[in-house]
Amino acid sequence: MAEYNTTVSPNPPTPQPLRAPARSDPRAQTFLNTLAKHETTGFDDAGAAAVDRVLSAWAPPDEEFPRPPRAYGLLEPADRRAWAAEVRLWLGSSAEPLPRPVTVATKAQKRGAARTEPAPPVKPVQRSREVSLDTPLDAITGVRRDLAGRLAKLGVTTPREALRLYPRRHLNRTETTDIASLQPGSQQTVLGFVWSATATPAFINGRRLFRNTVVIGDTSGNIEIVMFNKFDLARSFKPQRPVMVSGKVNVHRGRLQIASPEYEFLDDPEADFGAGLIPVYPLTEGLGQRPVRRLVKQMVTRFADALPDPLPEALRQRHGFQGVADATRAAHYPDSAEAYERARARLAFDELLLMQLGALNKRQQWLSQHGYAIQPDPSVLAGFRASLPFQLTGAQERVLHQVLRDLAAPQPMSRLVQGDVGSGKTVVAAAALVAGVAAGYQGAIMAPTEILAEQHYRNLSRLFGHDEFAALENLPLPYLGRPLRLGLLTGSSGARERRRVTEGAASGELDLLVGTHALIQDGVTFHNLAIAVIDEQHRFGVAQRASLRQKGHNPHVLVMTATPIPRTLALTLYGDLESSVIDEMPPGRQPIATAVLAGSQRTQAYQAVRREVQAGRQAYIICPLVEESATVEARAATVEHARLASEVFPDLTLGLLHGRMTPTEKDAVMAEFRDGAVDILVSTTVIEVGIDVANATVMVIEGADRFGLSQLHQLRGRVGRGGHQSYCLLVTESISVEVQERLKIVASTNDGFKLAEEDLRLRGPGEFFGTRQTGLPDLRMARLDDWALLQAAREEAQEMLKVDPGLDRPEHHLLRADLERQQPRSQTDRS
């Protein structure tokens with residue numbers, strides 16, 4: 001086991017023990033006083049949090065201590081009264097009602113009592129007395145308007161939505177780790193006392209923040225906590241104050257550190273500790289955990305039983321699901337991890353079922369429309385195959401057969417084609433487009449960037465036997481019986497060129513048009529668009545994809561992606577599409593040799609780059625940031641480019657590429673690299689989906705631990721495009737065991753689907769594509785490793801729509817209402 005320095009102060013104060021024998025502990029008297037105060041209010045909900053807090057801080061370890069059957073705050077007032085009497089007897093106190101606690105008036109209270117004039121009356125705010133699940137929160141008595149306003153930023157405006165604001169996770173107060181036993185790389189919780197706290201002003205991205213540094217310790221050692229905040233938190237973190245901290249443990253300069261943790265002060269009268277499991281909710285700026293917990297608890301208490309259960313009783317019994325009210329309560333305040341998982345499974349099924357009902361219904365609507373039945377002369381496709389300088393792989397033939405079968409049907413095709421980088425998706429798309437042209441129709445390919453659109457244009461030209469580059473080409477194809485007219489349209493197209501292309505598309509003179517978002521502009525029309533191909537579709541918004549469809553009359557749609565999508569995410573995100581996978585690489589393609597290097601081994605990476613460049617090859621060096629950041633310790637492309645050019649490779653030509661450059665600037669740099677004028681391209685992930693440079697054989701990825709596995713695989717795919725052995729070197733400063741194991745997975749395989757499954761498990765769907773995309777399902781409880789639940793939900797949805805397509809039966813009315821309620825929010829056009 002690695003050892004880390006957990007001592008940050010030569011003379012730290014001696015922390016007090018967290019617990020003592022119950023009957024001699026002065027906190028026992030504090031506990032009795034708190035119970036007494038709560039009794040004066042009739043053991044109501046308002047004072048329960050204080051009792052939970054004191055009990056959690058005191059918690060006598062004696063096995064005979066009469067612990068409450070569940071969290072004190074979740075007990076009924078009568079049960080709280082009975083338990084209080086039992087605890088008083090155990091402590092040797094009287095079972096009679098507790099004495100009223102003695103309070104001492106503050107100076108402010110005394111001054112207020114001495115006033116002769118009463119304070120001016122406050123005009124009451126009118127709030128709704130009749131409330132329902134859909135009453136606006138700011139109209140409910142007891143909900144502050146400022147809190148309701150902040151919650152609205154999270155999409156929470158009604159009690160129904162508040163009940164669905166499920167915790168991101170639960171802090172388990174019963175599972176804590178001694179500071180000396182902490183290991184970096186995982187989420188852990190510690191209990192300790194504040195030793196010191198400082199707040200240093202810092203300007204980050206033009207904003208004035210405080211870098212709050214807190215040292216907490218227990219009897220085994222101490223650890224540094226770092227938080228960037230708008231406020232000086234040092235005033236709250238008083239020395240000797242007991243605190244619970246939970247977060248990811250990292251190593252910073254050889255010492256353990258937790259950055260931006262969740263924390264609770266154990267002596268805070270408003271702290272709310274349930275049965276050891278504390279809900280941690282998603283937040284937004286200006287919103288803290290405590291007010292959210294109070295509000296959600298209020299909503300659960302008042303409205304959970306009012307939730308109508310959308311699942312028919314027979315379906316619930318078939319799968320052994322609990323009722324929606326019980327599941328909602330347990331999702332927020334579970335008695336155990338097992339109870340939470342049971343509740344999560346029920347609520348996750350609801351989400352997946354609604355999603356599958358929407359996707360299958362949309363697919364049925366699409367298939368009910370009339371499209372183009374394309375059945376080309378078999379000699380055309382035979383001629384296309386014969387003209388290729390290579391033979392299609394078995395996987396390409398299989399997927400092409402599926403696509404041609406879809407094209408021959410009278411219903412419009414809606415198919416997703418997945419294939420790893422270099423698997424040959426473009427050839428399949430080209431064959432489908434040729435089939436459409438041979439039948440007298442037009443086709444289009446839309447790509448997310450000008451670089452990628454131009455690359456598709458060049459590849460199609462080569463596949464059709466033409467190596468020259470022009471924006472509008474007549475390509476003689478003997479098997480077609482006439483020249484094929486191919487055009488390119490991007491934002492950089494000149495006015496004359498744009499006019500020629502758009503006129504050709506509108507008149508039908510142009511057969512195939514390749515382009516970017518320029519294809520869906522108002523001035524672009526097609527004569528008879530029958531096949532639309534969308535590449536790297538997750539980089540387009542829903543409206544953009546729909547706009548391309550609307551350029552024709554129900555055209556066949558072929559969606560392509562080089563990002564291998566796990567089966568759960570494919571069925572979740574693209575449940576309305578048929579799916580094909582090209583799972584075979586062309587023969588002769590060499591696997592990319594991948595290695596993990598520590599920061600101290602960076603020189604070896606530079607030596608590898610120099611060797612390849614001296615052999616006439618080119619290289620990429622990838623950085624996670626554009627510019628240096630005060631909050632992130634990672635290499636920035638702009639700084640690295642300057643350093644490498646002056647200190648490491650002064651004799652070579654280096655280029656710089658990042659996302660803040662204009663499209664024209666990016667295209668110019670990529671063109672120079674493609675043409676061999678640049679030896680080494682220093683770039684951010686903007687080249688993740690970029691141009692093919694067959695001469696590039698080595699890639700160095702700085703800060704590799706900051707990328708997902710699929711993203712690393714996509715970046716790695718920029719090399720190995722030619723016939724030379726290629727290399728990918730993953731450089732990391734992290735010594736975390738978890739990070740090392742994760743990067744070794746990338747080094748051990750070139751299987752994109754295996755990496756995608758692991759990446760989805762580690763990072764979740766929100767970050768799978770690098771950025772959260774429009775149309776990603778709003779899954780709050782479902783996880784995309786819930787394969788069994790997802791399969792069950794799809795089967796139930798298929799059967800339900802088979803017998804009741806409109807969900808008109810009484811037992812399906814609530815499901816239909818939920819589907820209609822979420823439909824405006826979840827734009828589900830995936831193609």
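Let's start with S17 and S22. In this predicted model, the two strands pair in the parallel sense over 6 bridges. Look at alanine 595: it stands opposite leucine 729 in S22. How much of S22 is buried? 5 of its 6 residues are, so the strand is mostly covered.

Now the other neighbor. S21 and S22 also pair in the parallel sense, here over 4 bridges. Valine 698 has its bridge partner in S22, and that partner is tyrosine 727. How does the chain get from S21 to S22? It crosses through helix H21, residues 709-716. This β-α-β crossover is right-handed.

One more pair. S18, residues 618-622, meets S21, residues 696-701, in the parallel sense over 5 bridges. Here tyrosine 620 stands opposite methionine 699 in S21.

Next, helices on the sheet.

The axes of H18, residues 602-614, and H19, residues 637-648, come within 14 Å. They cross at roughly 75°. Angles of 65 to 115 degrees count as roughly perpendicular, so that is the label for H18 and H19. Who makes the contact? From H18, Arg602, Tyr606 and Arg610. From H19, Glu640, Arg643, Leu644 and Val648. By class, that contact has 3 nonpolar, no polar and 4 charged residues.

Last stop, helix H9, residues 324-332. Why call H9 largely enclosed by the rest of the structure? Because 7 of its 9 residues are buried. The buried ones are Val324, Ala325, Ala327, Thr328, Ala330, Ala331 and His332. What do they pack against? Three helices are on the list: H6 (159-163), H7 (289-303) and H10 (337-367). Strands S1 (169-172) and S8 (277-280) are there too.

Terms used: Residues are numbered from 1 along each chain as its sequence is written. This is a predicted model: local features need pLDDT of at least 70, side-chain atom pairs count only at pLDDT 80 or more; totals for chains, interfaces and linings use all residues. Side-chain values use heavy atoms; hydrogens and water are left out. Buried means under 20% relative accessible area, exposed over 50%, partly exposed in between (1.4 Å probe, protein chains only). Contact means heavy atoms within 4.5 Å. Axes are lines fitted to C-alpha atoms, for helices over the stretch in contact, and angles run from 0 to 180 degrees between N-to-C directions. Angles under 35 degrees count as roughly parallel, over 145 as roughly antiparallel, 65 to 115 as roughly perpendicular and the rest as oblique. Ala, Val, Leu, Ile, Met, Phe, Trp, Tyr, Cys and Pro count as nonpolar, Asp, Glu, Lys and Arg as charged, and the others, Gly among them, as polar. Two strands pair if DSSP finds at least two bridges between them. A crossover is right-handed if, with the strands pointing away from the viewer, the path from the first strand over the helix to the second runs clockwise.
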